[in-house]
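Open the model in your viewer and keep the selection panel at hand. The tour goes from one whole chain to its contact with a partner.

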Amino acid sequence: MLKEKLISEYKELERSLSTGIARDEAIAAFERAGFPAKKNEEWRFTNIAPITGGSFSARTESSIDKKKLEKYPEYNFDATVIVIHNGHYNNELSKIVNKDKNVILGNLFDPKNIKSDTFKNNFGKSVNTAFDGFTAVNTSFANAGAFVHVKKNARLEKPLIVLNINDSNDTISNTRNLIVLEDNAYADVSEIYYSENKNVSNSVTEIFLSENSELHHNKIQNDGPDSYHVGTTSVHQEKSSRLFSNVISWGGVFIRNNLNSLLGASGIDCYFRGFYLAKDNQFIDNHTLADHAMPASHSNELYRGILNGNGSAVFNGKIMVRKDAQKTNAYQTNNNILLSDDASANAKPQLEIFADDVKCSHGATTGQIDEEEIFYLRSRGIGETEARKLLLSAFAHQVIDEIAFTQLKERVAALLDEKLSS
Amino acid sequence: MNDDIILNKISGDYEWGFTTDIDMETLPKGLNEDVIKFISRKKNEPAFMLEWRLKAYKHWLTLEEPDWANIHHPPINYQDVIYYAAPKTEKKLNSLEELDPKIKETYEKLGIPLVEQQFLAGVAVDAVMDSVSVITTYREKLSDLGIIFCSISEAVKEHPELVKKYLGSVVPYSDNFFATLNSAVFSDGSFVYIPKGVRCPMELSTYFRINAANTGQFERTLIIADEGAYVSYLEGCTAPMRDENQLHAAVVELIALDNAEIKYSTVQNWYPGDKDGKGGIYNFVTKRGICGENAKISWTQVETGSAITWKYPSVILKGDNSIGEFYSVALTNNYQQADTGTKMIHIGKNTKSRIVSKGISAGFSQNSYRGLVRVGKNAVNARNFSQCDSLLMGDKCGAHTFPYFDIKNKKATVEHEATTSKIGEDIIFYCNQRGISEEDAVALIVNGYAKEVLNQLPMEFAVEAQKLLAISLEGSVG
């Protein structure tokens, strides 16, 4: 079983991992809590047995050359690139050009970053190792990831690409990112995942947004057909901060994304957007939580998915409005299109509201392409295949067009086109 | 007329809180095989019934009380409940005059039209006082049409073949903790059978009433509409004021065979507990119907009572082209907790379902909608529309929505929308400007909000519901 294997591997690997992190506590918490049980409501529709019953090793090795990297278009973007290969940070091939002393960029597990106050004040503060086995494993083993610290009034000049490439077999690699934006700061960060072979990537990203800061955060999952991904993005938002999160999932055999934001002050804008496309036997699960703790903030969520073949998807979106969060505006929409009889969609949009002066709504639909729309297009001389593609593409673009980084948006649009053509 | 229902709620105390002094034959507290044998013997049941009850009891012992609902209450001691109580007048009555005057008085206080029925002709009442059916009226008129409308204990004796065939066919004895408990100890309830092609000419109605202190009520209702039949059934409840929590675990099974239609309406107004959340009924109900081809089942409920409501009237859309509907108004005030909703299980082709749920929470109450829409692999062209709205009054209450969707067919269309809001100050201001006081304005708005559901209630019931709805929204407006 994976649990026992990881616990024993930890003892051997411990010494090779960077110090200054509460790894022992994390592995102890993992030993107690283990992986989430099927009975856990948050994991009810998610079968993690292929991961937990598998024999994945946390012992990973890295060797990658520039030639291979250049095959990934994202590597060649006009951006800062942090390369993480099989859970190892590659300093040589990462492209970090940063002259601004108000911006700190690099590997999170660089000793000087671990020693910084920013790290001490924020690392592990927004995720709960004690209750979530995957996060506990990540905290125990992670030794690479992006560190973004943008000081007061500063801007991240170029978008940051965190390029995660996993090509080892039967491994579990852990990436840990930390993004801290001080007052009025700005950043655009994209996590890109590619994988080959059969492996698990387990990532955790913690984000702290101070007053009036703005973050564009993208997560693009282009994994190969045998890979598993479990990821948690946990955000803490302060007054008038703005978060724009876009999650695009279409790779991998199994994807579980947890995305949550604590809206801990007023005047906050929080946008969650996601698009997923599952075919063959792919399973894509998105769990989101917009947690309104204080008055007068705004959250808006749009997740859309297309399901084909034996593909299945879970969407679980929760809006929590706590007692003090009066004047909250919270909206959520989930749309699914089913293209085959064997595809399935499982949606659970939830509202939990404890304040009275709020405007909250959610909507969820599952259906198929409207035949009348097809007819409309066909009567204008567009072939049926083309018409279907056009409609599906428009459906997806509602989400994809929200990506602010133009080069990335174009890349994602091209990938969509490719996927809809096949 | 419907408009008055909620308007009438804007009044003080629980109007229907009184107890009747009638001699009760009561078993000691506790549950064991002997209790079940006693109940079965008391009712002169055939052997198959006792066997079924014991099977359920044995299964119940292996179950644990579910804890997934969004409700909180002190643990229930199932050995501290009286499982059988019956008024001693077991003799069959021929006319209303023979009825125990005390019971008659009770009904008069409740406004049940036993006396007024001459005027309200068209409503047949099978009044249930605690556990035994006291009087059944209009049976003869119905029996001319071949309609069977009697208590379930009578049905067990007189129509064992129907009971044997259908009892537990929609809610099996092993269904869930509370349904299993009910299967073991159910005391009485109603039985309706509408023969092929018959349209029941009147609304059938039963009034349930908890009377003996510490008596759990375990009602069992079984309604069968044979091919092409139609019936509209009304269920309403009031309960006397009590300090101790009373357990109520009912089961309702509806069977609509091909081309049949069943309309089931409920006004639930069990004692909700006092202003501090003391007392009140714990109401754990399993309601489910199954549709044959082209059949239709429609649930309408107005839930205003009970300290705890745990209730999910569901429809299994098994036959092609069948239709399921769920209309609900759930109002919680003070410390009430309601976790209610529906399940629509689409199995057949071209099945349709519609869910309209309106929650109103005030005071310190918690109101949850929990619903499931499942579209199976073969449910081609299944169609669902759900709307779940919540209205919040006051900042100490909560409104929650937990919808689940499980879609496995590409030709299905499922839509869901939910909103939560409070009554807009601009709307109140608009009313104020036109000389409508704040309280009246709120009543007006709440009425309009719930109208979509109230409109579904049959006329006869709306009159009754008007009296039954009596929890106050007063004071929660501000």
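Here are the stops, in order.

First, the ground rules. This is a predicted model: local features need pLDDT of at least 70, side-chain atom pairs count only at pLDDT 80 or more, and totals for chains, interfaces and linings use all residues. Residues are numbered from 1 along each chain as its sequence is written, while chains are lettered from A and ligands numbered from 1 in the order in which they are written.

**Select chain A.** Colour by secondary structure: chain A has 10 helices and 19 strands. Both are DSSP runs numbered from the N terminus, helices being H or I with at least four residues and strands E with at least two. Of its 422 residues, 53% are buried (20 or more other C-beta atoms within 10 Å of the residue's own, with C-beta atoms placed from the backbone).

The contact takes 30 residues from chain A and 30 residues from chain B. Contact means C-beta atoms, placed from the backbone, within 7 Å. On the chain A side, strands S18 (344–353) and S19 (359–367) each give two or more residues. S18(A) gives the most, with 10 residues.

**Zoom to S19(A).** What joins S19(A) to S23(B)? Select residues 413–422 of chain B: this is strand S23, joined to S19(A) by 8 bridges and running antiparallel. DSSP must find at least two bridges for two strands to pair. Finish on A:Ser361, which stands opposite B:Thr419 in S23(B).

How values were computed. Buried ≥ 20, exposed ≤ 12 C-beta atoms within 10 Å, placed from the backbone. Contact = placed C-beta atoms within 7 Å.
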